Amino acid sequence: MKASKFYISTFKEAPADAELVSHQLMIRAGLIKKLGSGLYTWMPMGLRVLKKIENIIREEMNQAGAIEILMPAIQPAELWKETGRWDLFGPQMLKISDRHDRSFCFGPTHEEVITDVVRNELNSYKQLPMNFYQIQMKFRDEIRPRFGVMRAREFLMKDAYSFHADMESLKHTYSLMFQAYNAIFTKIGLTFRAVQADNGAIGGDGSHEFHVLAESGEDEIVYDENSDFAANIEVAKNHPNKENLKTCRGIEVGHIFQLGTKYSDAMKATFIDESGKPSPMIMGCYGIGVSRIVAAAIEQNHDDNGIIFPQSISPFEVIITPIGYDKSPLVKKAVDNLYQSLIADGYDVLLDDRGLRPGVMFNEAELLGIPHRVTLSEKTLVENKYEYKNRSASAAVMIANDDLLNHLVS
RNA sequence: CGGGGCGUAGCGCAGCCUGGUAGCGUACAUGCAUGGGGUGCAUGGGGUCGUGAGUUCGAAUCUCACCGUCCCGACCA
């Protein structure tokens, strides 16, 4: 991508209403733009990050046997009345009416819709287990939206729902999802921890939260240095020797849950078992806050100069910052060649061909958090070298041209 | 919803206390200079001062109401 053909809009100063570092940097780097409280436009640069996270999630979910669907954002009240949640869910649910004065909500979650789909589609134990997922905008009318996309009202979520003939099958899929989640957050490159969470419906080890560790995290998580035990603060209260537990803060980016038959009972989602009798499907659900991951990743990876994106989710992997691109035909030729060859090698490259001053380009590249920067100029041409700067390194280094690819593997 | 801020140019702010024709920085446009870390100088365009009502000869400024937004607490990926 050439910068002159893309849209980049960065700011030196953070807006006054952004408190959290990740929020400030997301605005300053032009990733998002606020429309209203808890409502954000994903600008081109930010959308690239979001899409990369989406695709990592998609790959791992597919790998784990889940199948992608897309459900409506707007849902009829009748479904929610079946489970009783039309009244129970509370003011977090945004209720709306259509022209015929029928009641709907903007979906805060999709258990009702998926259960409705499945009760009509799946009839036999032979069709189970089944795990459907989607990546879609949710709306929750939060009491207090804050911290940018960290706690927005409209947010992108991956939600999956699995259906089973028996408990054993649920536990199997649950463990597949547990592994998939570990793979996803590892692939993205985050420091995270899976913790036991409260599970009202089933109890035991039926629910885990995935937290990105960060000082600014809204949740307190508790762990035992001498064992694998880690839990959210609610569960930890019941731990036998809770005096020895340590605490740290985390940002909840994922939650997996063994639901049981709560929704299938209420909505009569049954299947015919091997003996020919109807039986309620056993369910699990698995959520990831996709848009929140962007904020969490930045919260965990930044410095005074800006964002430091993990390469897996950076809007671009490499930025070329030529000096004299529009003045020196030699520089232009060398830069264009490098640009084309990196693209041919499969890299996501941004060529800053805007003819800006070097300082502006460098500062912007750092703010955006692009992991690899390559600078060419008449000076580097004379030496027949590239100047390479890793985003997390303190200074640039001169490298041999054919050594560049080695540096791009982070 | 309770407590506390803040609404003046795209963004960051001053002006308000003590009413009198709206300003600075940045961004944007143009020109000249500059050309390896948000460069310098000059010129220019851009504002229903959140909305409404009131007080006053006169309101960004004083009063009231409303709206928006942010922070602290109770819900959540």
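The structure is a predicted model, in which local features need pLDDT of at least 70, side-chain atom pairs count only at pLDDT 80 or more, and totals for chains, interfaces and linings use all residues. Side-chain values use heavy atoms, with hydrogens and water left out. Chain A has 410 residues and is divided into two parts, domain 1 (9-303) and domain 2 (318-408), with bounds from an automatic or database domain assignment.

**Chain A overall**

- Chain A holds 13 helices and 23 strands; these are DSSP runs numbered from the N terminus, helices being H or I of at least four residues and strands E of at least two.
- Along the principal axes, the C-alpha atoms of chain A fill a box of roughly 80 × 60 × 45 Å.
- Of the residues of chain A, 50% count as buried, meaning under 20% relative accessible area with a 1.4 Å probe, protein chains only.
- The accessible surface of chain A is about 19200 Å², and carbon and sulfur atoms contribute 50% of it (Shrake-Rupley method, 1.4 Å probe).
- Among contacts (heavy atoms within 4.5 Å) in chain A with a separation of 6 or more, 69% join residues 24 or more positions apart.

**Domains**

- The centres of domain 1 and domain 2, taken over C-alpha atoms, are 39 Å apart.
- Nine residues from domain 1 and five residues from domain 2 make up the contact.

- Of the atoms of RNA strand B that come within 4 Å of the protein, 45% belong to sugar and phosphate.
- By residue class, this surface has 16 nonpolar, 13 polar and 20 charged residues, where Asp, Glu, Lys and Arg count as charged, Ala, Val, Leu, Ile, Met, Phe, Trp, Tyr, Cys and Pro as nonpolar, and the others, Gly among them, as polar.
- At least two residues each come from β1 (32-36), β8 (154-164), β13 (246-260), α11 (358-368), β21 (372-375) and α12 (378-383).
- The most is given by α11, with eight residues.

**Polar contacts with RNA strand B**

- A polar contact is a pair of N or O atoms within 3.5 Å.
- At the phosphate, a polar backbone atom of Ala-16 is 2.7 Å from an oxygen of RNA strand B.
- An N or O atom in the side chain of Gln-92 lies 3.1 Å from a sugar or linking oxygen of RNA strand B.
- A base oxygen of RNA strand B is 3.4 Å from a polar side-chain atom of Glu-142.

Technical notes: Residues are numbered from 1 along each chain as its sequence is written. Chains are lettered from A and ligands numbered from 1 in the order in which they are written. A residue is near a molecule or strand if one of its heavy atoms lies within 4 Å of it. A polar contact is a pair of N or O atoms within 3.5 Å; within protein, one must be able to donate a hydrogen and the other to accept it, and residues adjacent in sequence count only if both atoms are side-chain atoms.
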